[in-house]
Amino acid sequence: MSRQIDRLPEPANKKKMKVVVTSCSRSGTLGLLAAMRILGFSPYHMTEACFNGPVHMKILEEAVIAQHNRFSGIKRYERAEFDKWLSEYDCFIELPSYLGTQALEVYAEDPDVKFILTYRDPDKWVTSMNNTVANVVRMATAFPMNILKHFDIILAGFLRLNQIMWWAISDGTNPGGPDNEARLRRNYVEYIKFAKSTLPNDRTLLIKLEEGLGWEQICPFLDLPIPDEKYPRGNEPEKFRMLLESYLKPRIQLAILKVGALAVTVLGIVGYAWWHR
């Protein structure tokens, strides 16, 4: 089966991967995204995939499906595919947690890659996911988004991608569904356990969020000086909502305009047919 990643042009140059943040969403990753940029890295995160347009969203969707659905017919991504996909980046944030064991193992074999794993109380993590990411998944099948998504390819791709990523970490269950929270919690606990046992101890920084996250932990580990500016925070639900709104608002407005244009066209055809019956 032809894959989206295979159709991506071969890059002229490839950056060397330096840091992989294997943390799950809602584990301080938005703050880490901003922090890594401040430190001079070029990080690839869910936001980067979405703002890069439909091709990158399709690649991420394909990678998630390939890792979690062995009946999909899509060959799993190996290091070569990751290097091609992430050729412009030297830091991979959050997305490895959606890609399963493969993304951790391929980079764990590279002695030049360092890892950061932030983790938190599982019950608090489940609550945070349901207060943020789950809302996007619900949105995909609720009015008016279930209509508008058919009028904008990026909006449709974004909503589908969020559904697939949610199903990957919840065993195919939907927010509010039977056993959804229990499966989220179980998979989270198992993932953190797997990550701790798989990542090389001498190249991994483990941070429990309840104990604090800041420059004091990250910079010494990366052998970098502590910046003068305050460590960025981004885990608050309100910041997540604002980021989501800034991304979706122009796509929704465009979709509404298309719906309006279609409605005018239909009314014109109906009116013409009525007058000429």
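**Starting inside a helix**

Tutor: Let's begin with Leu 184, which lies in helix α11. Keep in mind that this is a predicted model.

Student: Is Leu 184 buried or exposed?
Tutor: Buried. Its relative accessibility is 0%, and the cut-off for buried is under 20%, so Leu 184 counts as buried.

Student: Which residues is Leu 184 in contact with, leaving aside neighbours within four places in sequence?
Tutor: Trp 125, Val 126, Asn 130, Trp 166, Ile 169 and Ser 170.

Student: And how far is Leu 184 from His 150 in space?
Tutor: They are 29 Å apart, C-alpha to C-alpha. Along the sequence, 34 residues separate Leu 184 and His 150.

Student: What about Ala 80 and Val 106, how far apart are their C-alpha atoms?
Tutor: 9.6 Å, with the two residues 26 apart along the chain. Ala 80 lies in helix α5, residues 79–85.

Student: Ala 80, buried or exposed?
Tutor: Exposed. Its relative accessible area is 53%.

Student: Switching topic. Where is Thr 132?
Tutor: In the loop between α7 (122–131) and α8 (133–140).

Student: What does its side chain do? Which backbone oxygen does the Thr 132 side chain reach?
Tutor: The one of Ser 128, at 2.6 Å. The Thr 132 side chain also makes a polar contact with the side chain of Arg 26, at 3.4 Å.

Student: Which residues is Thr 132 in contact with, neighbours within four places aside?
Tutor: Arg 26 again, plus Pro 237 and Phe 240.

Student: Which residue other than glycine has a positive phi near 75°?
Tutor: Glu 94. It lies in the loop between β3 (91–93) and α6 (101–108).

Student: Glu 94, buried or exposed?
Tutor: Buried, at 6% relative accessibility.

Student: And what is the phi of Asp 179?
Tutor: About 65°, positive although Asp 179 is not a glycine. Asp 179 is in the loop between α10 (153–169) and α11 (180–198). With a relative accessible area of 49%, Asp 179 is partly exposed.

Student: Why partly, at 49%?
Tutor: Because exposed means over 50% and buried means under 20%. Asp 179, at 49%, falls in between.

Student: Let's look at α2. How many of its residues are buried?
Tutor: 7 of the 10 residues in α2 (29–38) are buried, so the helix is largely enclosed by the rest of the structure.

Student: Which ones are they?
Tutor: Thr 29, Leu 30, Gly 31, Leu 32, Leu 33, Ala 35 and Met 36.

Student: What about Gly 40, what is its phi?
Tutor: Positive, near 100°; Gly 40 follows α2.

Student: One more residue. Where does Asn 13 lie?
Tutor: In the loop between α1 (4–7) and β1 (19–21). Asn 13 counts as exposed, at 66% relative accessibility.

Student: How far is Asn 13 from Leu 95 in space?
Tutor: 23 Å, C-alpha to C-alpha, and 82 residues apart in sequence.

Student: Time to zoom out. How many helices and strands does the protein have?
Tutor: 13 helices and 5 strands. The radius of gyration is 21 Å, close to the 19 Å that the globule rule gives for 277 residues, so the protein is as compact as a globular protein of that length.

Student: What does the C-alpha trace span?
Tutor: About 80 × 40 × 40 Å along its principal axes.

Student: What share of the residues is buried?
Tutor: 50% of the 277.

Student: And contacts across the sequence?
Tutor: Take contacts between residues at least 6 apart in sequence: 75% of them join residues at least 24 apart.

Student: Last topic, the surface and the charges.
Tutor: The accessible surface is about 14100 Å², and 57% of it belongs to carbon and sulfur atoms. There are 35 positive and 32 negative side chains. The centres of the two sets lie 6 Å apart.

Note on methods. Residues are numbered from 1 along each chain as its sequence is written. This is a predicted model: local features need pLDDT of at least 70, side-chain atom pairs count only at pLDDT 80 or more; totals for chains, interfaces and linings use all residues. Side-chain values use heavy atoms; hydrogens and water are left out. Helices (H or I, at least four residues) and strands (E, at least two) are DSSP runs, numbered from the N terminus. A polar contact is a pair of N or O atoms within 3.5 Å; within protein, one must be able to donate a hydrogen and the other to accept it, and residues adjacent in sequence count only if both atoms are side-chain atoms. Contact means heavy atoms within 4.5 Å. The radius of gyration is taken over C-alpha atoms; the globule rule is 2.2 Å times the number of residues to the power 0.38. Buried means under 20% relative accessible area, exposed over 50%, partly exposed in between (1.4 Å probe, protein chains only). Accessible areas come from the Shrake-Rupley method with a 1.4 Å probe; for residues, only the protein chains shown count as cover. Lys and Arg count as positive and Asp and Glu as negative; His and the chain ends are not counted. The place of a charge is taken as NZ of Lys, CZ of Arg, CG of Asp or CD of Glu.
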